[in-house]
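Please look over the sequence and the structure shown here before reading the briefing that follows.

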Amino acid sequence: MPRLRTLLAAGAFCAVAALPAAAQQVPGAELSQVLISRQSLEDLATRLEQTAESRSFSSTVRTSARAQAALVRARLREGDFQVGDRILLTVEAETALTRPFVVLSGRQIALPGVGMLPMAGVLRVELADHIRTYLAQFLRDPKVRAQALIRIVILDGVGRQGWHTVPVDIPLDSVLMIAGGLTNQAEIDKIRIERDGEDLYAGRELQRMISDGATLDALSMQQGDRIVVPQAPVRNSLQRVQSINILLQIPLTIFAVYRLFGGN
């Protein structure tokens, strides 16, 4: 994993080095928290809005910043949980509450014996506290652990294309490993993330975030988002083949994550 990030970081550095200084400061790529806090998202939205209005940036950068600011504001307003998302919940000494739960219509989860818990407006970083506060009405000092999972589509240059259920607190390069790793035709520098047919992240911005180990949560990914890994013709360079050989050295921890969450 560190070696993959080193490769991506090297490529991203070469691309960024040729840009004007102001263009290297586009907000968002520096987010490094595993789960992004509400305050960090508020700060990010403000900086994106400032970037969108600043003449120090190109029109392309300003347009992108404006669109991403709207996405961040929507995330703050509506929360992270969509219908169909899964939550791996553990409540100490409560077997009925220790299992995966699915977010139902109306963005709520049905907790046995305690009722329907609304999830609208809740960020993933707030998940455990949100559930703990609710359960405290029925249980004395509940010990709660919770992990958010989403189903995403991974296409083209990976070993196992299709739908995958993955934790949101792991980096994008780990998700690619869960999908079987990259093929020897995969073009790492052209990976993109799509939502509703439009690019959510692509190009230098995404390369920087991947090389920094950004998690799916830091990328604000949601259920149904698509990770597309374009493939080049078979006549690719030796360097790409060598990169793929590195990617195939999958850590045992990734296999453990795959077994835990079922891959699909």
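In which helix is Glu49 found? Glu49 is found in helix α2, where helices (H or I, at least four residues) and strands (E, at least two) are DSSP runs, numbered from the N terminus. This is a predicted model, in which local features need pLDDT of at least 70 and side-chain atom pairs count only at pLDDT 80 or more, while totals for chains, interfaces and linings use all residues. Residues are numbered from 1 along each chain as its sequence is written, and side-chain values use heavy atoms, with hydrogens and water left out.

**Overall make-up**

- The protein contains 8 helices and 9 strands, and of its 264 residues 47% count as buried, a term that stands for under 20% relative accessible area, whereas exposed stands for over 50% and partly exposed for values in between (1.4 Å probe, protein chains only).
- Among contacts between residues at least 6 apart in sequence, 61% join residues at least 24 apart, a contact being heavy atoms within 4.5 Å.

- Helix α3 covers residues 59-78, and because 20 residues at 1.5 Å a residue should span 28 Å, the 29 Å between its end C-alpha atoms agrees with expectation; the expected span is 1.5 Å times one less than the number of residues.
- The buried residues of α3 are Val61, Arg62, Ala65, Gln68, Ala69, Val72, Ala74, Arg75 and Leu76, and what covers them includes α2 (38-53), β8 (198-201) and α6 (203-211).
- Glu49 is partly exposed because its relative accessible area is 32%, and, not counting residues up to four places away in sequence, Glu49 touches Ala69 and Arg73.
- The C-alpha atoms of Glu49 and Ala65 are separated by 6.8 Å, although these residues are 16 apart along the chain.
- After α3 comes Gly79, which has a positive phi near 85°.

**Helix α6**

- Helix α6 is mostly covered, since 7 of its 9 residues are buried, namely Glu205, Leu206, Gln207, Arg208, Met209, Ile210 and Ser211.
- The residue Gly213 follows α6, and its phi is positive, near 80°.

**Charged pairs and a network**

- Side chains of opposite charge can pair when their charged atoms come close.
- A search of the whole structure finds 15 salt bridges, each being a side-chain nitrogen of Lys or Arg within 4 Å of a carboxyl oxygen of Asp or Glu.
- A network of salt bridges links Arg75, Asp80, Arg124 and Asp217.
- Arg75, which is placed in helix α3, counts as buried because its relative accessible area is 5%; leaving aside neighbours within four places in sequence, Arg75 is in contact with Leu41, Asp80, Leu123, Arg124, Asp217 and Ser220.
- Arg132 and Asp129 meet through their side chains in a salt bridge of 2.4 Å, N to O, and they are separated by about one helical turn because they stand 3 residues apart in helix α4 (residues 127-135).
- Within that pair, Arg132 counts as partly exposed at 28% relative accessibility, and Asp129 is partly exposed at 46%.
- Lys190 and Glu187 form a salt bridge of 3.5 Å, N to O, in which Lys190 is partly exposed with a relative accessible area of 44%, whereas Glu187 counts as buried at 13%.
- Arg192 and Asp199 are joined by a salt bridge of 3.8 Å, N to O, and Arg192 is partly exposed with a relative accessible area of 25%.

**Nonpolar core and surface patch**

- The largest nonpolar core has 59 residues, and those with the most contacts inside it are Leu111 and Ile227; such a core is a set of buried Ala, Val, Leu, Ile, Met, Phe, Trp, Tyr and Cys residues joined through side-chain atoms within 4.5 Å.
- Leaving aside neighbours within four places in sequence, Ile227 is in contact with residues including Ile152, Leu172, Ile191, Arg192 and Met221.
- On the surface, Val102, Leu104 and Met116 form a nonpolar patch with about 230 Å² of accessible area together; patches are made of residues with over 30% relative accessible area and no salt bridge, like charges being joined within 9 Å and nonpolar side chains (Val, Leu, Ile, Met, Phe, Trp, Tyr) within 5 Å.
- Val102 lies in strand β2 (residues 99-102) and counts as partly exposed because its relative accessibility is 41%.

Terms used:
Accessible areas come from the Shrake-Rupley method with a 1.4 Å probe; for residues, only the protein chains shown count as cover.
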